[in-house]
Amino acid sequence: MTPIKNPLLPGLLDMLVLKTLSVESLHGYGIAQHLHLLSRDVLRVEEGSLYPALQRMRQKGWIKAEWRQTANNQRARYYTLTTLGRRQLGEQEAGFAELMSAVRRVMKQA
Amino acid sequence: MREWFNRLVDVFRRRTLDRELEEELRFHARHLEREAAEAGLSREDARVQAGRSLGNVTRITEDVRARWSFAWIDHLQQDVRFAWRGLRRTPSFTVSVVVTLALGIGANTVMFGVMDRLMFRPLDYLRDPGTVHRLYLQTLERGVVNTSVWVQYERYRDFEAKTSSFAQIACVNERLMAVGRGDALREIRVAGVTASYFDFFDMAPAAGRFFGPSEDIAPSGTPVAVLAHGYWVAEYGRRDVVGETIALGNLSVTIIGVAPPGFTGLDDAQPSQIFVPLTALGPAMGGQATAGFSQGYRFLWGAAIVRRKPDVSEARATADATEAYRLSWQRQREAAPPGTPPLRSLEDAQPRVVVSALRTGNGPAPSLDARTSLWTSGVAALLLIITVANVANLLLGRTLERRQDTAVRLALGVSRRRLIAHLLTESVVLAVLGALGAVGVTYWLGSAVLGVLTTTTGSAAGLLDSRTLLVTAGLTVVVGLMTGLVPAWIASRVTVAPALRRGPREAGGSARLRMALVVMQAALSLVLIVGALLFVRSLAAVRSMPLGYEPDRIVMVNQVLRGAPMQPAALVALRQSLLEAARVHPAVEAAAWRSSTPLGTTMQLRFTADGAPPVETLGLFSGQEGTPDYFAVMGTRILRGRPFTEDDRAGAPRVAVVSESTARVLWPGQEAIGKCLRFGPPPAECTSVIGIAEDIVANSLTETERYQVYFPIEQTSPQGGSGMFLRVRGDAAAQAAVLRQALQPLMPGTSYLTVQPMSSLLVRPQRSWRLGATMFGAFGMLALVVAAIGLYGVISYGVAQRRREMGVRIALGAGRGDIVWLVTRQGLAVAIAGVMLGVCLALVFSGQVQPLLFSQSAKDPGVYATAGGVLVLVAVVATLLPAARASRANPTEALRGE
């Protein structure tokens with residue numbers, strides 16, 4: 001199955017990234033891989049939207065960035081979820097759930 | 001909030017963040033490559049696949065970088081750097097514009113500073129300046145309204161008692177007084193103020209306290225003093241002086257406090273250094289009239305300052321004060337001592353009060369200074385218009401030159417908005433540079449103007465305070481926008497294809513516009529030059545006006561007596577010793593004792609003349625008393641009859657010498673010598689006229705009546721007189737100090753002499769013409785420079801445009817001279833058009849300038865011709881350089897070009 005490049009809304013992308021980082025700290029490539037894997041190839045996030053999003057979230061204070069050594073002793077920038085980010089994740093998750101149930105209610109009508 | 005703060009911080013970490021991003025993306029790309037390789041692709045293919053997956057790195061980088069830079073900051077930086085480079089590449093253009101802006105903005109800033117100080121600036125610490133006013137007293141004198149700010153102490157008390165519109169009222173008298181003793185003696189400015197004056201201000205003393213009403217009780221007050229801050233720092237080095245005493249005139253006053261910095265009394269152009277209670281000022285001055293200053297209506301003693309109650313309008317306050325004045329006038333009439341002529345009736349004099357601005361420059365009778373300054377402000381505004389026109393013209397020329405450039409940039413995709421923003425940036429950069437230059441011009445021009453206007457030699461930095469700098473900034477912004485908008489708009493209308501095709505050739509319309517602008521500048525410059533010449537000639541006329549005496553050869557010696565009043569015999573003996581000592585001094589030709597001072601303190605006479613109409617109907621008669629040498633010392637000629645001699649002493653028949661105008665007005669067509677003047681109530685002795693002297697300037701430089709009467713001092717005030725006039729060999733100014741040293745030892749006790757050249761009396765009266773000449777002269781030159789720059793710019797541009805045409809002409813055999821003439825002709829045409837327009841403008845305003853001039857017609861054809869000539873000359877010079885360049889155009893190059 002060819003991976004569909006679904007356009008991801010920025011809000012949605014933020015939530016997914018925050019969720020990813022809530023498990024463990026990752027670098028940019030790692031986040032992209034994680035999303036790709038877990039969504040079984042459906043969500044192919046473009047690097048063009050990932051990195052701007054990461055910077056935005058960093059400036060908002062939801063994540064913080066630091067340079068560390070990878071397992072292969074290479075330098076990479078790792079992002080970690082902050083307390084503020086965790087709170088934000090909770091809010092966005094709740095909001096998304098509400099959205100989904102609303103959509104489902106509408107679709108059930110047909 | 002947090003996000004914007006972080007974004008702002010990141011702006012400064014841009015470079016670091018850029019590097020980190022680059023590294024991060026490379027890391028990502030490497031891993032994508034490895035991923036592709038593991039999927040089985042070859043090395044090369046893997047890299048390509050990775051690249052494709054990653055996407056457009058440039059786009060990514062740009063998108064991310066948008067997070068840590070505000071687009072407009074980047075654009076602004078770019079624009080400024082680009083504009084700066086462009087300006088540096090065309091130095092003559094840049095210098096022209098910056099100089100023009102500096103002159104225009106600087107001149108206006110200076111005029112704002114001057115007008116502010118003369119008319120508007122509120123005094124430091126003054127609470128609620130809008131409610132504080134000065135009382136201007138007006139009376140009708142022979143059909144003319146006479147305005148004065150002086151009130152007697154008694155009159156001030158009347159105002160205090162009889163008005164209801166004022167929450168506060170105070171009286172201030174500022175004058176020069178001698179402070180200190182012996183060698184430390186100096187004349188400084190002292191203010192006698194009522195205790196209520198301090199209540200007008202929101203200030204706490206820097207040390208000690210201010211005096212209160214209990215220390216300001218008539219007739220003599222309490223001898224206490226408050227020092228001005230500057231004086232305290234300079235004389236006492238900030239040490240504790242409360243309780244120390246100072247010798248002030250005839251009094252020893254105790255210092256009770258120091259005022260905060262910036263408190264200068266009422267006149268901040270001539271700040272007072274010591275403040276004493278008004279009632280103590282009289283005793284400090286000493287002399288016979290000590291008690292009289294604070295009593296009765298004899299002496300005009302100060303200026304009345306009031307604070308309106310908040311619910312009272314100025315009109316109501318004026319009416320209230322007028323009513324109080326009338327009551328006071330009536331009271332004065334009734335209180336007149338018997339034997340003296342009474343005050344005129346209410347119907348005759350119609351006294352009224354105007355409650356107006358604190359600064360006299362903004363009051364009902366502004367001085368000549370204030371009016372001249374107002375005119376000069378108009379002139380400066382004119383200069384600003386010229387400046388704006390000039391700079392707009394220059395910028396327009398530059399825009400037209402770069403039309404091809406602009407077309408290329410538009411073709412490459414620059415949005416018109418960015419184009420306009422860039423052009424505006426250039427104007428703003430020029431304006432900022434101009435503003436910096438303007439600060440320099442303000443400093444230089446400001447010191448010249450302040451030097452004319454004030455007696456204090458404060459640094460010209462005084463003109464560069466926050467208010468004036470704010471005005472500079474404001475003007476810069478306005479000028480920058482105004483001059484930048486037109487070229488920017490024109491540039492934005494460039495259509496790409498025609499501009500690229502045609503190359504930099506000019507459209508007819510804008511050429512005419514630019515020429516019109518230059519003609520306007522030339523016209524305005526002419527107006528300014530005419531003004532300058534008119535004032536310079538007025539000043540010259542004032543300086544060379546025959547006064548009837550020779551101030552350059554006369555030294556005034558005034559005696560100031562301190563300590564216990566001297567016996568009449570002692571006074572006479574002192575006078576004799578001073579006169580003798582002066583006469584034997586090698587520098588002195590002649591010496592005379594006298595009582596009045598021309599252009600200083602003069603005596604007003606009331607008398608009757610036999611066979612003449614009542615003198616009150618004829619005008620003001622000034623009196624002077626002197627020893628027999630008086631006329632010789634002054635250099636005043638006796639036209640008929642004789643001057644006084646030693647024989648005209650006490651007991652001998654009373655005599656007087658009158659001025660020619662006096663004789664003419666009292667006894668027209670008859671011989672005045674032998675006629676009688678009678679002083680005092682009838683039957684009064686006959687004072688016979690024995691001589692006719694030439695008219696002198698006694699009261700003001702512009703007076704038309706020269707009615708003077710001279711008496712031998714032995715007959716009228718044998719123990720009186722204020723000092724000597726000495727006629728010296730050589731220059732009076734140089735001899736003054738020498739004479740003081742020679743004569744001072746003769747003074748008893750702590751009494752002393754002030755010695756000054758008589759020419760110092762002329763400085764203040766001549767000031768308004770000096771001001772006009774300085775300001776118009778300076779601005780006229782500035783305007784000329786600006787107009788010349790403008791003309792040069794336009795002609796050069798025209799020459800550059802017509803290069804091909806010049807080349808063709810030269811190829812066809814035109815000589816150098818012909819080409820030069822061709823170009824110069826344009827400059828001449830502009831100049832002549834400007835002159836004609838300027839002459840019309842100047843004539844329109846001539847009627848209003850006339851009152852400010854002195855024996856100089858505002859329509860003088862000689863002046864106009866000179867101004868026109870100067871303008872034409874400057875225009876020719878401005879066109880010479882481009883003309884020379886045009887004549888040197890290489891025909892083959894010109895024809896080949898483009």
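1. Basis of the model. Because the structure is predicted, local features need pLDDT of at least 70 and side-chain atom pairs count only at pLDDT 80 or more, while totals for chains, interfaces and linings use all residues. Residues are numbered from 1 along each chain as its sequence is written, chains are lettered from A and ligands numbered from 1 in the order in which they are written, and side-chain values use heavy atoms, with hydrogens and water left out.

2. Ser538(B). This residue lies in helix 17 (residues 508-544) of chain B; helices are DSSP runs of H or I with at least four residues, strands are runs of E with at least two, and both are numbered from the N terminus. Ser538(B) has a relative accessible area of 0% and is therefore buried (under 20%; exposed is over 50% and partly exposed in between, with a 1.4 Å probe and protein chains only). Leaving aside residues up to four places away in sequence, Ser538(B) touches Trp769(B), Leu853(B), Phe854(B) and Gln856(B) (contact: heavy atoms within 4.5 Å).

3. The disulfide. Over all chains the count is 1 disulfide (cysteine sulfur atoms within 2.5 Å). Cys676(B) is joined to Cys686(B), with an S to S distance of 1.8 Å. The link of Cys676(B) and Cys686(B) is left-handed, at -90° about the S-S bond. Cys676(B) belongs to strand 20 (residues 676-678), whereas Cys686(B) sits in the loop between strand 20 and strand 21 (687-693), 10 residues apart.

4. Accessibility of the cysteines. Cys676(B) is buried at 14% relative accessibility, whereas Cys686(B) is partly exposed at 24%. Cys171(B) is buried, at 0%.
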